[in-house]
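Let's take a look around this protein together. Have the sequence and the 3D view ready, and follow along as we go.

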Amino acid sequence: MQRTIFTDEHDMFREAFRQFVDKEIVPGFLQWEHDGIVPRELFAAAGASGFLGMDVPEALGGGGVDDFRYNLIIGEELQRSGTGGAGLGITLHNDICLPYFTSLCTDEQKERWLPGICSGELITAIAMTEPGIGSDLASMGTTAIRDGDSYVVNGSKTFITNGINADLVITAVKTDPSQRHKGMSLVVLERGMEGFERGRNLDKVGLHSQDTAELFFTDVHVPVANLLGTEGQGFVHLVRNLPQERLSIAASAVAAAEAALGWTLEYVKERKAFNQPVGSFQNSRFKLAEMRTEIDIAQAFVDRCIQGLNDGTLTAEEAAEAKWWCTELQKRTVDTCVQLHGGYGYMLEYPIARAYTDARITTIYGGTTEIMKEIIGRSLGV
């Protein structure tokens, strides 16, 4: 289906990033999958090439263009190449963490952090989830108690993307433990702060090249100057930025499904059974037709949501719709594609097998499918 949301400038950006992926990510990808982490130099290379902080003002090291279509292109090209695990740290850095810095930082904080974020010298992460609380953020136990010019932070976080590599961690804390939502604030913890320790790099089912870690805070003195936004408004800040996070996940999910379908089409045209290509059987054609149709429909909705995000009209409910539908579509698609590959689809040397394990988390992180349906359902007055 012809897409109409891109201009010539976007096409040139896509070609440049595609070359970057082929040169800087693809050659090392399988080793990084084995290592469980990408080298920090990948972020520096992305920054030097202009692929970090595209919407940050040029005076602070960014591209000076506030247009999420550039973020969309990065996510799509990472999925096209089958290197989404290695690229997840970049999309988290650009799509999910950066908006907190651009929208909530004081001028002093922007000068201190944004140039390094854009250059890749400062890698970012966001720490919300804790052991035992899942989606119930208001029940978090991590506290930040004011002590003069510092907050004393105690607690822990888990499942933190970029957890090992991160230099700046946007951390959700309770500055008033007696309150639920109204007691939440955001503070930025920095690499090297005494009492800030990282646990193990978690061994996940998929996304093996993405470092995901536990974080521990023991009497960490964080300057009040590292408060992000307004004290007690942390939940409000999170809610404001979650639609973009969820749309980013949805867009990558559609791109992952598109890539899986492409690999499968190539395979079923070449692989033969009973003296004819696997793709020529009616069941195969029907399955391929179903996937083609569902992906096209999802892509049209995501593109409309991208336009809504750019013009400021995207709602939390629309982002939730995109997130749950597209990630469930991704799961269905890669599962069907593995089936069409037969036994070879279960071999990790084939990208479809890695896509299968990578896909399982997408209906969980960024808000589960069930939470997305709850958001939508509440908006319907029921």
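This is a predicted model: local features need pLDDT of at least 70, side-chain atom pairs count only at pLDDT 80 or more; totals for chains, interfaces and linings use all residues.

How far apart are the end C-alpha atoms of helix 7? They sit 44 Å apart. Helix 7 has 30 residues (282-311), so at 1.5 Å a residue it should span 44 Å, and the two values agree. Just after helix 7 comes Gly312, with a positive phi of about 80 degrees.

In soluble globular proteins, nonpolar side chains tend to be buried together. Here, the largest nonpolar core has 58 residues, and the ones touching the most other members are Phe20, Ile25, Ile74 and Val302. Helices that each supply at least two residues of this core include helix 1 (8-35), helix 2 (41-48) and helix 4 (84-104). Helix 6 gives the most, with 12 residues.

Zoom in on Phe20: leaving out residues up to four places away in sequence, Phe20 touches Ile25, Leu42, Ala45, Ala46, Ser49 and Phe51. Apart from this core lies another one of 28 residues, including Leu92, Tyr100, Phe101 and Ile133.

Tyr344, Tyr346 and Met347 make a nonpolar surface patch of about 350 Å². Met347 is in the loop between helix 8 and helix 9 (351-359). Its relative accessibility is 36%, so Met347 counts as partly exposed.

Note on methods. Residues are numbered from 1 along each chain as its sequence is written. Side-chain values use heavy atoms; hydrogens and water are left out. Helices (H or I, at least four residues) and strands (E, at least two) are DSSP runs, numbered from the N terminus. The expected span of a helix is 1.5 Å times one less than its number of residues. Patches are made of residues with over 30% relative accessible area and no salt bridge: like charges are joined within 9 Å, nonpolar side chains (Val, Leu, Ile, Met, Phe, Trp, Tyr) within 5 Å. Accessible areas come from the Shrake-Rupley method with a 1.4 Å probe; for residues, only the protein chains shown count as cover. A salt bridge is a side-chain nitrogen of Lys or Arg within 4 Å of a carboxyl oxygen of Asp or Glu. Buried means under 20% relative accessible area, exposed over 50%, partly exposed in between (1.4 Å probe, protein chains only). A nonpolar core is a set of buried Ala, Val, Leu, Ile, Met, Phe, Trp, Tyr and Cys residues joined through side-chain atoms within 4.5 Å. Contact means heavy atoms within 4.5 Å.
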